Amino acid sequence: MTQRRFPPTWRPEPIPGGDRVVDANGVALAWVYTRDDLAAKTSGSEWLTTDEARRLAIGISRLPELLKARE
């Protein structure tokens, strides 16, 4: 059996301006940024809301469970 490079359990952690996903060793795997201020809404860019960023980080943190279920 091969050892995984990024061992589960992955978990989302809030950071200023978004969330990040870390593995069991505390290695950051993904960052999801957000802007809820008025400038982001009027600039024409597509920023995630805080809730969308949180849900996306939770989804990323569940990937090891989903891959294990496929085996």
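Read along the sequence, this predicted protein model runs β-β-β-α-α-α. Residue numbers start from 1 along each chain as its sequence is written, and side-chain values use heavy atoms, without hydrogens or water. Because the model is predicted, local features need pLDDT of at least 70 and side-chain atom pairs count only at pLDDT 80 or more, while totals for chains, interfaces and linings use all residues.

**Exercise 1. State how many helices and strands the protein has, and what share of its residues is buried.**

Solution. Step one: helices (H or I, at least four residues) and strands (E, at least two) are DSSP runs numbered from the N terminus. The protein has 3 helices and 3 strands. Step two: a residue is buried under 20% relative accessible area, exposed over 50%, and partly exposed in between (1.4 Å probe, protein chains only). Of the 71 residues, 20% count as buried.

**Exercise 2. Decide whether D19 is buried or exposed, and find what it touches.**

Solution. Step one: D19 belongs to strand β2, residues 18–22. Step two: its relative accessible area is 9%, so D19 is buried. Step three: contact means heavy atoms within 4.5 Å. Not counting residues up to four places away in sequence, D19 touches E13, P14, A30, W31, V32, A53, R54 and A57. Step four: D19 and I58 stand 39 residues apart in sequence, and their C-alpha atoms are 9.2 Å apart.

**Exercise 3. Treat G18 in the manner of the previous exercise, and find its contacts.**

Solution. Step one: G18 is also placed in strand β2. Step two: G18 counts as buried because its relative accessibility is 11%. Step three: leaving aside neighbours within four places in sequence, G18 is in contact with V32, Y33 and T34. Step four: from G18 to E52 there are 34 residues in sequence and 9.6 Å in space, C-alpha to C-alpha.

**Exercise 4. Locate Y33 and name the residues of its nonpolar surface patch.**

Solution. Step one: Y33 is in strand β3, residues 28–33. Step two: Y33 has 47% relative accessibility and therefore counts as partly exposed. Step three: patches take residues with over 30% relative accessible area and no salt bridge, joining like charges within 9 Å and nonpolar side chains (Val, Leu, Ile, Met, Phe, Trp, Tyr) within 5 Å. A salt bridge is a side-chain nitrogen of Lys or Arg within 4 Å of a carboxyl oxygen of Asp or Glu. Step four: W31, Y33 and W47 make a nonpolar surface patch of about 370 Å², with areas taken from the Shrake-Rupley method with a 1.4 Å probe, where for residues only the protein chains shown count as cover.
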